[in-house]
Amino acid sequence: MRSVELLYGDTRLSPHEAYERVRDFARYPDLVDTVRSVTVHPAASGSPVLSDWEVDFRNGVLAWSEEDVFDDRALSIVFRQTEGDFESFDGRWDVTAGPRGTARVRFAAMFDFGLPSLAGIVDPVAERVLRETIEHILRTLLADEGRADAGAGEDVRGRAA
(Lines give C-alpha, C1' and ligand atoms only; values in the text may rest on other atoms or scores of the structure.)
Protein backbone atom coordinates (compact mmCIF):
# COMPACT_ATOMS: atom_id res chain seq x y z
CA MET A 1 0.00 0.00 0.00
CA ARG A 2 1.29 3.45 -0.92
CA SER A 3 0.67 6.73 0.85
CA VAL A 4 0.96 10.39 -0.06
CA GLU A 5 0.97 13.34 2.32
CA LEU A 6 1.09 17.01 1.36
CA LEU A 7 1.07 20.14 3.50
CA TYR A 8 0.29 23.61 2.18
CA GLY A 9 0.24 26.88 4.10
CA ASP A 10 -1.33 30.09 2.91
CA THR A 11 -1.00 33.46 4.63
CA ARG A 12 -3.89 35.02 2.72
CA LEU A 13 -6.73 32.80 3.91
CA SER A 14 -8.28 31.92 7.22
CA PRO A 15 -8.68 28.21 7.96
CA HIS A 16 -12.44 28.50 7.37
CA GLU A 17 -11.95 30.17 3.97
CA ALA A 18 -9.45 27.47 2.92
CA TYR A 19 -11.78 24.68 4.09
CA GLU A 20 -14.69 26.10 2.08
CA ARG A 21 -12.53 26.09 -1.04
CA VAL A 22 -11.13 22.59 -0.46
CA ARG A 23 -14.58 21.07 0.11
CA ASP A 24 -15.83 22.35 -3.27
CA PHE A 25 -14.85 19.18 -5.17
CA ALA A 26 -17.09 20.02 -8.13
CA ARG A 27 -14.72 22.91 -8.95
CA TYR A 28 -11.64 20.70 -9.26
CA PRO A 29 -12.04 19.90 -13.01
CA ASP A 30 -11.93 23.65 -13.70
CA LEU A 31 -8.64 23.93 -11.82
CA VAL A 32 -6.62 20.98 -13.10
CA ASP A 33 -6.65 19.44 -16.58
CA THR A 34 -5.97 15.93 -15.28
CA VAL A 35 -9.22 15.91 -13.28
CA ARG A 36 -11.76 15.12 -15.99
CA SER A 37 -14.88 15.20 -13.85
CA VAL A 38 -16.19 15.20 -10.32
CA THR A 39 -19.89 14.64 -9.76
CA VAL A 40 -21.05 15.42 -6.24
CA HIS A 41 -24.36 13.84 -5.22
CA PRO A 42 -26.32 15.85 -2.64
CA ALA A 43 -26.87 14.12 0.69
CA ALA A 44 -29.30 14.53 3.53
CA SER A 45 -28.08 16.72 6.36
CA GLY A 46 -25.51 14.86 8.45
CA SER A 47 -25.10 12.04 5.92
CA PRO A 48 -21.95 11.31 3.96
CA VAL A 49 -21.72 12.88 0.51
CA LEU A 50 -21.10 10.58 -2.46
CA SER A 51 -18.90 11.74 -5.31
CA ASP A 52 -17.77 10.18 -8.59
CA TRP A 53 -14.31 11.01 -9.94
CA GLU A 54 -12.51 10.59 -13.29
CA VAL A 55 -8.82 11.49 -13.48
CA ASP A 56 -6.35 11.10 -16.35
CA PHE A 57 -3.81 8.39 -15.62
CA ARG A 58 -1.09 7.41 -18.06
CA ASN A 59 -2.91 6.71 -21.34
CA GLY A 60 -6.27 6.12 -19.72
CA VAL A 61 -8.66 7.22 -17.02
CA LEU A 62 -8.89 6.28 -13.34
CA ALA A 63 -12.47 6.26 -12.12
CA TRP A 64 -13.90 5.75 -8.65
CA SER A 65 -16.76 6.65 -6.36
CA GLU A 66 -16.13 7.76 -2.83
CA GLU A 67 -17.92 8.53 0.38
CA ASP A 68 -16.98 11.92 1.81
CA VAL A 69 -17.62 12.84 5.44
CA PHE A 70 -17.40 16.59 6.04
CA ASP A 71 -16.76 17.83 9.58
CA ASP A 72 -17.37 21.56 9.35
CA ARG A 73 -16.42 22.14 13.00
CA ALA A 74 -13.08 20.32 12.77
CA LEU A 75 -12.50 21.62 9.21
CA SER A 76 -11.78 18.09 7.99
CA ILE A 77 -12.95 15.76 5.26
CA VAL A 78 -12.52 11.99 5.44
CA PHE A 79 -12.97 10.01 2.23
CA ARG A 80 -12.96 6.36 1.20
CA GLN A 81 -13.51 4.71 -2.14
CA THR A 82 -16.74 2.74 -2.32
CA GLU A 83 -16.08 1.33 -5.78
CA GLY A 84 -13.68 1.90 -8.61
CA ASP A 85 -10.27 1.23 -10.08
CA PHE A 86 -8.36 1.05 -6.81
CA GLU A 87 -8.52 -1.96 -4.56
CA SER A 88 -8.54 0.59 -1.74
CA PHE A 89 -8.24 4.36 -1.63
CA ASP A 90 -8.89 6.47 1.43
CA GLY A 91 -7.62 9.56 3.13
CA ARG A 92 -8.40 12.94 4.57
CA TRP A 93 -8.10 16.68 4.26
CA ASP A 94 -7.41 18.68 7.42
CA VAL A 95 -7.37 22.46 7.62
CA THR A 96 -5.82 24.02 10.72
CA ALA A 97 -4.64 27.41 11.88
CA GLY A 98 -1.02 28.24 11.29
CA PRO A 99 0.81 31.30 12.58
CA ARG A 100 -1.48 34.32 13.09
CA GLY A 101 -4.58 32.28 12.19
CA THR A 102 -3.57 31.60 8.60
CA ALA A 103 -4.54 28.39 6.85
CA ARG A 104 -2.57 25.16 6.82
CA VAL A 105 -4.02 22.42 4.61
CA ARG A 106 -2.93 18.79 4.95
CA PHE A 107 -3.87 16.07 2.46
CA ALA A 108 -3.08 12.46 3.30
CA ALA A 109 -4.13 9.37 1.36
CA MET A 110 -3.35 5.67 1.12
CA PHE A 111 -4.05 3.58 -1.95
CA ASP A 112 -3.57 0.10 -3.35
CA PHE A 113 -4.40 -1.15 -6.82
CA GLY A 114 -4.39 -4.76 -5.66
CA LEU A 115 -2.02 -5.82 -8.45
CA PRO A 116 1.10 -7.11 -6.70
CA SER A 117 2.78 -8.13 -9.95
CA LEU A 118 2.47 -4.59 -11.35
CA ALA A 119 2.91 -2.64 -8.09
CA GLY A 120 6.52 -1.73 -8.88
CA ILE A 121 5.47 -0.11 -12.15
CA VAL A 122 1.97 1.26 -11.58
CA ASP A 123 2.12 2.42 -7.94
CA PRO A 124 5.01 4.91 -8.33
CA VAL A 125 3.30 6.47 -11.37
CA ALA A 126 -0.01 6.71 -9.50
CA GLU A 127 1.77 8.28 -6.53
CA ARG A 128 3.41 10.89 -8.76
CA VAL A 129 0.13 11.70 -10.56
CA LEU A 130 -1.76 11.99 -7.26
CA ARG A 131 0.92 14.20 -5.73
CA GLU A 132 1.16 16.50 -8.78
CA THR A 133 -2.63 16.77 -9.09
CA ILE A 134 -3.16 17.64 -5.42
CA GLU A 135 -0.26 20.13 -5.48
CA HIS A 136 -1.78 21.85 -8.48
CA ILE A 137 -5.25 21.85 -6.90
CA LEU A 138 -3.92 23.39 -3.68
CA ARG A 139 -1.91 26.09 -5.44
CA THR A 140 -4.79 27.00 -7.74
CA LEU A 141 -7.68 26.56 -5.32
CA LEU A 142 -6.15 28.60 -2.54
CA ALA A 143 -4.71 31.33 -4.74
CA ASP A 144 -6.38 34.70 -4.71
CA GLU A 145 -4.86 36.48 -7.65
CA GLY A 146 -6.79 39.67 -6.93
CA ARG A 147 -4.63 40.42 -3.89
CA ALA A 148 -1.32 42.22 -3.96
CA ASP A 149 0.34 39.46 -1.92
CA ALA A 150 -0.54 36.71 -4.40
CA GLY A 151 2.85 35.09 -3.81
CA ALA A 152 2.23 34.63 -0.11
CA GLY A 153 1.38 30.92 -0.24
CA GLU A 154 3.97 28.52 1.16
CA ASP A 155 5.37 25.78 -1.02
CA VAL A 156 3.54 22.51 -1.00
CA ARG A 157 5.57 20.02 0.96
CA GLY A 158 4.98 16.32 0.80
CA ARG A 159 6.30 12.92 1.43
CA ALA A 160 5.56 9.42 0.34
CA ALA A 161 5.65 6.33 2.46
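Reply: Here is a tour of the salt bridges, pair by pair. Keep in mind that this is a predicted model. As a bit of background, side chains of opposite charge can pair up when their charged atoms come close. Searching the whole structure turns up nine salt bridges.

Let's start with Arg106 and Glu5, whose side chains meet in a salt bridge at 3.1 Å, N to O. Arg106 sits in strand S7 (residues 103–112) and Glu5 in strand S1 (residues 2–10), so this pair ties together parts that lie 101 residues apart in sequence.

Next up are Asp56 and Arg36, another salt-bridged pair, at 2.4 Å from N to O. These two also link distant parts of the chain: Asp56 belongs to strand S3 (residues 49–57) and Arg36 to strand S2 (residues 35–41), 20 residues apart. Asp56 is partly exposed, with a relative accessible area of 25%, and Arg36 is partly exposed too, at 49%.

Through salt bridges that share partners, Glu5, Arg92, Asp94 and Arg106 are joined into one network.

Last stop: Arg12 and Asp10. Their closest N and O atoms are 2.3 Å apart, and the two form a salt bridge. Are these residues buried or exposed? Both Arg12 and Asp10 are buried.

Notes:
Residues numbered from 1 in each chain as written. Predicted model: local features only at pLDDT ≥ 70, side-chain atom pairs only at ≥ 80, totals over all residues. Heavy atoms only, no water. Salt bridge = Lys/Arg side-chain N within 4 Å of Asp/Glu carboxyl O. Helix = DSSP H or I, 4+ residues; strand = E, 2+ residues; numbered from the N terminus. Buried < 20%, exposed > 50% of the residue type's maximum accessible area, 1.4 Å probe, protein only.
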